[in-house]
Amino acid sequence: MQKLKLLNPGPVTLTQRVRESLVKPDLCHREIEFSELQKDILSRLNKIYPESKKNGFESVLLSGSGTAAVEAMLQSVLSQDSKSLVVANGVYGERMEAMLKAQKKSFEIIKSDWSDPLDLLEVEKRIVLSKKSSIPFTHILSIHHETTTGRLNDIEGLGKLCREYGVPLLLDAVSSFAGEWIDFENWNLQAVAATANKCIHGVPGVCFVVAKKEVLNSIEGNSSSVYLDLFRYWSEQSKTGFSPFTQAVQSLFALQAALEELEEQGGWKVRHDHYLSLSEYVRDKLKQKGIDTFLASNSSYSALLTSFHMPKNRTYVELHDHLKKNGFIIYAGQGQFSGEIFRIATMGDLNIKDMETLINLI
Ligand SMILES: *Cc1c(COP(=O)(O)O)cnc(C)c1O
């Protein structure tokens, strides 16, 4: 198969070290070596943001893609008599809506246009209204980095409202964890969902939820799914290091190697700065070629993904196929934006030379 650089928002281009970690000797998930592996990963995950540990958060590992972590979080933290407010401006916010419907849990949703920021004025209005109603909101749910457009949502603003009104926040940080700042102290967070194969640079197959210990201890019986019941995973992992079901063993090998590498490279902030320098380079060079960003201001973007308008005289398929032939995978727009925008992620094992080659090809 052709060797490609992946500029989609995960799975990412792996380092050789992470790729090689996949071919370790076989390991049974009921042997002591497996529990040591899992415990090591859990402790490394807790160290990425030291404030998470300080504020009483713990990690729980699951097998599955990022969606499994988000679904397990909603499934397990929200009880059947919860009432959530979902604050959405893209595909992933709307996916939370689909999950709550499937779980038959009560919620309201504030949907902004995908090109717009979260509507925090409306959030405050609805919270105030709900406080006067018979069933006030028990939780607020949102997306940190909305990968649909590349917007880094104003979770500082949302978190401030959560704190002021005393409503806990559940956050999908699948595409921002280890690439952007997550304020475990001030956002009134109860839980955050994330994955191994985006900013952490592992392979697909494992995901995790970082949640307040007191919350993890109090959610027994909430989940109507057996497999996505965080409490079961938490109970076993925190006591013995094992998991109730067969974990994706090789994906955990890769995650361990990726976490070691992240630490050696200086942690999330160093990674963030690297992503940002690549994104800024790509945005500048494409602007010079007359290709504009989709969001009005560069400061709306995360460090790790930018959406661009397709140039008028070209189709996405033409651009994609040309780049693929020459070693790069870019990413299409989703839903209403398919064909209209393209996206370039700068996460994974990429450097400025790769970006120079990409720009020359475009
Ligand atoms: C990637 C992603 C997910 C999970 O998608 P999977 O395909 O299940 O990995 C969830 N939320 C956001 C914001 C994402 O970028």
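Residues are called buried when their relative accessible area is under 20%, exposed when it is over 50%, and partly exposed in between, with a 1.4 Å probe and protein chains only. The structure described here is a predicted model, in which local features need pLDDT of at least 70 and side-chain atom pairs count only at pLDDT 80 or more, whereas totals for chains, interfaces and linings use all residues. Residues are numbered from 1 along each chain as its sequence is written, and side-chain values use heavy atoms, with hydrogens and water left out.

By the burial criterion, Cys-199 counts as buried, since its relative accessibility is 0%, and Cys-207 is likewise buried, with a relative accessible area of 0%. A search of the whole structure for disulfides, defined as pairs of cysteine sulfur atoms within 2.5 Å, finds zero. Cys-199 takes part in no disulfide, the nearest cysteine sulfur being that of Cys-207 at 15 Å.

Helices (H or I, at least four residues) and strands (E, at least two) are taken as DSSP runs and numbered from the N terminus. Helix α2 (residues 32–48) packs with helix α10 (residues 249–264) at an angle of about 40 degrees, and their axes are 10 Å apart; that angle makes α2 oblique to α10. The axes are lines fitted to C-alpha atoms, for helices over the stretch in contact, and the angles run from 0 to 180 degrees between N-to-C directions. Angles under 35 degrees count as roughly parallel, those over 145 as roughly antiparallel, those from 65 to 115 as roughly perpendicular, and the rest as oblique. The crossing of α2 and α10 is left-handed, a term used if the near helix is turned anticlockwise from the far one by less than a right angle.

Contact, meaning heavy atoms within 4.5 Å, is made on the α2 side by residues including Phe-34, Leu-37, Gln-38 and Ile-41, and on the α10 side by residues including Val-249, Leu-252, Phe-253 and Leu-259. By class, the contact of α2 with α10 has 11 nonpolar, two polar and four charged residues; here Ala, Val, Leu, Ile, Met, Phe, Trp, Tyr, Cys and Pro count as nonpolar, Asp, Glu, Lys and Arg as charged, and the others, Gly among them, as polar. Gln-38, which lies in helix α2, counts as buried because its relative accessibility is 0%. When residues up to four places away in sequence are not counted, Gln-38 touches Leu-61, Gln-237, Gly-241, Phe-242, Ser-243, Gln-247 and Leu-252.

In helix α7 (residues 155–165), the buried residues include Ile-155, Gly-157, Leu-158, Gly-159, Leu-161 and Cys-162. The elements covering the buried residues of α7 include β3 (83–88), α6 (120–132), β5 (139–143) and β8 (169–172). Helix α7 is followed by Gly-166, which has a positive phi near 65 degrees.

Several loop residues carry backbone features of note. A cis peptide bond, with omega of about -5 degrees, joins Gly-10 and Pro-11, and Pro-11 is found in the loop between β1 (5–6) and α1 (16–21). Lys-104, a residue other than glycine, has a positive phi near 55 degrees; Lys-104 lies in the loop between α5 (91–102) and β4 (106–111) and is exposed, with a relative accessible area of 69%. Ala-178, although not a glycine, has a positive phi of about 80 degrees. The loop between β8 and β9 (189–195) contains Ala-178, which counts as buried at 0% relative accessibility.
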